[in-house]
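These are my notebook entries on one structure. I record what I looked up, entry by entry.

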Amino acid sequence: ACHAADVQVVFATGEWPPYTSELLPDYGAATALVSAISKAGGIEPVYRFYPWKRAELKVAQGDVFAAFPYAISKERKTTYDFSEVLFYGVNVFVYYQKQLKADVASTAQSLDDLHGYRVGCISGSFLYSLLEKAGLNYEPTTTIDQSLQKLVAGRLDLIIDNQDVIFHAVQRLYPNEMYHFKTLPIPLEKTPTALLVSREYPGSKAILNKFNKGLSIIKKNGEYDRIINKYRMTQ
């Protein structure tokens, strides 16, 4: 019997290596995961790369089915739906040893200890609400590369982002300086990360069901774990 063709579905993503990037094999770890889930669920994914703010706008307007990887948050749930969790991200504050006064590193125990420091955060990140609630002084950056360059130049004191993303970029930009980038010992909650799903995209509910079914299929057959391990994604 011939199978009905998979439904072609448009996804938005952006530059956030190693999770997603136009320059990486399979477009990165998170994209490889979405591809495997889609295939299992009978979806043919089409990927479009945008700056993050624009990716979210495309979802809101229904031009794309979903954008990923997005942190699940209460604020976002008012406007969007989410898929089941794709993976959990570990977020960290990082400083550059040659710039920041070493005492912060050794004494900062909580967000309250970070007043008076300039924290860089990628524009459109859910981490803004964390920084805002803590009343911290933050500055938007467009990419992780820009965050790191400003950190090294002393224009930022700290940056906050996903641990895998920060250290992947450090390895690429400052391979001989790895030792000088340190994580603050401030525990932050792991972030459930998923598809940010449009309510306006045609057939969105049905596609989401197929996608979630695909995810449970690859979790059962071991493919999910294989991808997580292959790309060394922190869980």
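I began with the second largest pocket, whose lining residues divide into six nonpolar, four polar and three charged. Here Ala, Val, Leu, Ile, Met, Phe, Trp, Tyr, Cys and Pro count as nonpolar, Asp, Glu, Lys and Arg as charged, and the others, Gly among them, as polar. I noted that the model is predicted: local features need pLDDT of at least 70 and side-chain atom pairs count only at pLDDT 80 or more, while totals for chains, interfaces and linings use all residues. Residues are numbered from 1 along each chain as its sequence is written, and side-chain values use heavy atoms, with hydrogens and water left out.

The volume of the second largest pocket is about 310 Å³. A pocket is an open set of points on a 1 Å grid over the protein atoms alone, with protein on both sides within 12 Å along at least five of seven lines; a cavity is a set of points where a 1.4 Å probe fits but cannot get out, and lining residues have an atom within 4 Å of a point. Grid points are joined across faces, edges and corners, and a volume is the space filled by probe spheres set on the points. I found 13 lining residues, of which Pro18, Asp164, His168, Tyr231 and Arg232 are the closest to the centre of this pocket. Helix 7 gives the most to this lining, with five residues. Helices (H or I, at least four residues) and strands (E, at least two) are DSSP runs, numbered from the N terminus.

I then turned to the largest pocket, which holds about 460 Å³ of space. Its lining has 15 residues, and Phe126, Ser129, Leu130, Lys133 and Glu189 lie nearest its centre. Helix 3 (74-77), helix 5 (127-133) and strand 11 each give two or more residues to the lining. Which element gives the most to the lining of the largest pocket? I recorded helix 5, with four residues. By class, this lining has six nonpolar, four polar and five charged residues.

The structure holds one cavity of 30 Å³ or more, and the largest cavity has a volume of about 250 Å³. It is lined by 18 residues, and Trp16, Pro69, Ala71, Ser125 and Phe126 are the closest to its centre. Strand 3 (66-71) gives the most to this lining, with three residues. The lining is made up of eight nonpolar, eight polar and two charged residues.

My next entry concerns an open sheet of five strands, in the order 8-7-9-6-10 with mixed pairing. Two strands pair if DSSP finds at least two bridges between them. At the edges I found strand 8 (137-141) and strand 10 (181-183), each of which pairs on one side only. Strand 6 (residues 91-96) and strand 9 (residues 158-162) run antiparallel and are joined by four bridges. In this pair, Val92 stands opposite Asp161.

Finally, I examined helix 6 (residues 144-152), which packs on the sheet and touches strands 6, 7, 8, 9 and 10; contact means heavy atoms within 4.5 Å. The buried residues of helix 6 are Ile144, Ser147, Leu148, Lys150, Leu151 and Val152, where buried means under 20% relative accessible area with a 1.4 Å probe, protein chains only. Helix 7 is included in what covers these residues. Just after helix 6, Gly154 takes a positive phi of about 80°.

Note on methods:
Axes fitted to C-alpha atoms, helices over the stretch in contact; angles between N-to-C directions. Buried < 20%, exposed > 50% of the residue type's maximum accessible area, 1.4 Å probe, protein only.
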